[in-house]
Amino acid sequence: MTMVLYTPGLGYYCGGATKLGGAGDFTTAPELTPLFGATLARQVAQMLVCTGGDVLELGAGSGKLARDVLLCLDELGVLPDRYRILDVSGDLIERQRALLAQLPEHLSQRIEWIDGLPLTVTGVVIGNEVLDALPVHLVVWNDGKIRERGVTWRAGRFAWSDTSTTNTALLARATDLDVSQPYVSEIGLSAVALMAAIAQRMRRGMVLFIDYGFGAAEYYHPQRNQGTLMCHYRHRAHDDPYFLPGLQDVTAHVDFTAVAQAGVEAGLRMTGYTTQARFLANLGITDLLARMDTSSVAYTKAIAPVQKLLSPAEMGELFKVIALTKEAAEPLVGFSGGDLSRLL
């Protein structure tokens, strides 16, 4: 999975094909409407008032979220010292640079691309659909045994191969999970490691991730016995990772319980967990929509995307928002109602 997603020049995220939007393979919230970034910026602003410092965006996609957040923060008068972007895709970085160069100079000059996590973090770390893009391990529970599912080459094609694992972290997590056998699912050690690394560097501020996923009890539910591994190609979802390797997205849902535990164990405080719909509603996305000129083309174009972001049948319920903080005790507006931390 690491190879097909991140091999320089060949991996899905490191090649030149269009990935986001109508011409790509999938659409993210920032691609749908700038109101998503403007609403998220309200939560970022609340934290920056408390902590100062920077915004660090992980996996900035096309750069539209950074643009929309910065424009709104400017309107609110709460700009970060720097808006830092950490992305592993050279192709996407070039697209981000081209888009963000169009911002007013007092905003564009705050943007900085970095190639690794800073040694210390003060301010806000945000990641929209980042955790689901990290490689996962496939695990098989059967007949009281735990095996890792890997890839082999057989009869001229790729095929699955289940073997015992020497990965102690993977085995420990798989052993802790109480699943009804036989069972196949994913364990996202990379997402856990990323959260732990951010938490260890956090001096004061907030880490906020938005992604599709569940708490562990729902993730490893008996009825989800084939896991969540999915692929996306030209806006079609399917479950064959061997179809056009390197040219399609391969992804898995996020185990938010594991992510939260990693942050707490590294010194952060669990502050909020809710659906994307409640998070955006708490921050007033419908108010932002209502402020628009109802006779304008922009208003007409914004209605359907906002409905998609909020609808339980679309992104509203499947997508979750999780926030962990350090030395920032003020209640977060985005979690003022509908908190689901009990499900972690």
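Which exposed residues does the face of H7 turned away from its buried side carry? They are Thr168, Thr175 and Asp176; exposed means over 50% relative accessible area, buried under 20% (1.4 Å probe, protein chains only). This is a predicted model, in which local features need pLDDT of at least 70 and side-chain atom pairs count only at pLDDT 80 or more, while totals for chains, interfaces and linings use all residues. Residues are numbered from 1 along each chain as its sequence is written, and side-chain values use heavy atoms, without hydrogens and water.

**Overall**
- The protein has 13 helices and 15 strands, taken as DSSP runs (helices H or I, at least four residues; strands E, at least two) and numbered from the N terminus.
- Buried residues account for 52% of the 344 residues.
- The C-alpha trace spans about 60 × 40 × 40 Å along its principal axes.

**Helix H7**
- H7 covers residues 168-176, and Leu170, Arg173 and Ala174 are buried in this helix.
- These three cover an arc of only 100 degrees around the axis, which puts them on the same side of H7; the arc is that of the directions from the helix axis to the C-beta atoms.

**The open sheet**
- Four strands form an open sheet in the order E7-E6-E5-E8, with antiparallel pairing; two strands pair if DSSP finds at least two bridges between them.
- Strands E7 (157-163) and E8 (183-187) are the edge strands, and each pairs on one side only.
- Five bridges join E5 (residues 137-142) to E6 (residues 145-154).
- Val140 has Arg147 as its bridge partner in E6.
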